[in-house]
Amino acid sequence: MAKGYWASVYPAISDPERLTAYEKLAGPAVRAAGGRLLSGGGRVVAHEAGITQRVVLIEFDSFEQAVAAYESEAYQKALVALPDGFERDFRIIEGID
């Protein structure tokens, strides 16, 4: 079975401290849904139109599990905590078997 991934790219973070409320809710919600943090804002080398701001990669045992985690009540509560004007490019991706 192909794994599922969450890939988040943050084009601009004007106030990183305002992400704290989201992170306090999102981390436990993701772990409870079986997600494993693979990359959480470390170094980035961007090419072409790439963005060097924060990139987060989370792995799940399946694509369906990744979708269900996003739709979960716990993660939806975390989304409400995202600050106004916050921008990110979020994708749920199916891995290759």
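## Contacts of Phe90

Phe90 touches Trp6, Ala7, Ser8, Tyr70 and Tyr75, leaving aside residues up to four places away in sequence; contact means heavy atoms within 4.5 Å. Phe90 lies in strand β4. Helices (H or I, at least four residues) and strands (E, at least two) are DSSP runs, numbered from the N terminus. Between Phe90 and Ser8 the C-alpha to C-alpha distance is 4.4 Å, although they are 82 residues apart in sequence.

## Model and confidence

This is a predicted model, in which local features need pLDDT of at least 70 and side-chain atom pairs count only at pLDDT 80 or more, while totals for chains, interfaces and linings use all residues. Residues are numbered from 1 along each chain as its sequence is written, and side-chain values use heavy atoms, with hydrogens and water left out.

The average pLDDT (the predictor's confidence in each residue, from 0 to 100) is 89 for the chain, and 99% of the residues score at least 70. Confidence is lowest in β1, with a mean of 89, and highest in α2, at 98.

## Contacts of Tyr5

Tyr5 is in strand β1. With residues up to four places away in sequence not counted, Tyr5 touches Leu38, Leu57, Ile58, Glu59, Ala66, Arg91, Ile92, Ile93 and Gly95. Tyr5 and Gln65, 60 residues apart in sequence, have C-alpha atoms 9.3 Å apart.

## Packing of α2 and α3

Helix α2 (residues 63-71) packs with helix α3 (residues 73-80) at an angle of about 55°, the axes being 5 Å apart. Axes are lines fitted to C-alpha atoms, for helices over the stretch in contact, and angles run from 0 to 180 degrees between N-to-C directions. The angle therefore makes α2 oblique to α3 (under 35 degrees is roughly parallel, over 145 roughly antiparallel, 65 to 115 roughly perpendicular and the rest oblique).

On the α2 side the contact is made by Ala69, Tyr70 and Glu71, and on the α3 side by Glu73, Tyr75, Gln76 and Leu79. These residues divide into four nonpolar, one polar and two charged. Ala, Val, Leu, Ile, Met, Phe, Trp, Tyr, Cys and Pro count as nonpolar, Asp, Glu, Lys and Arg as charged, and the others, Gly among them, as polar.
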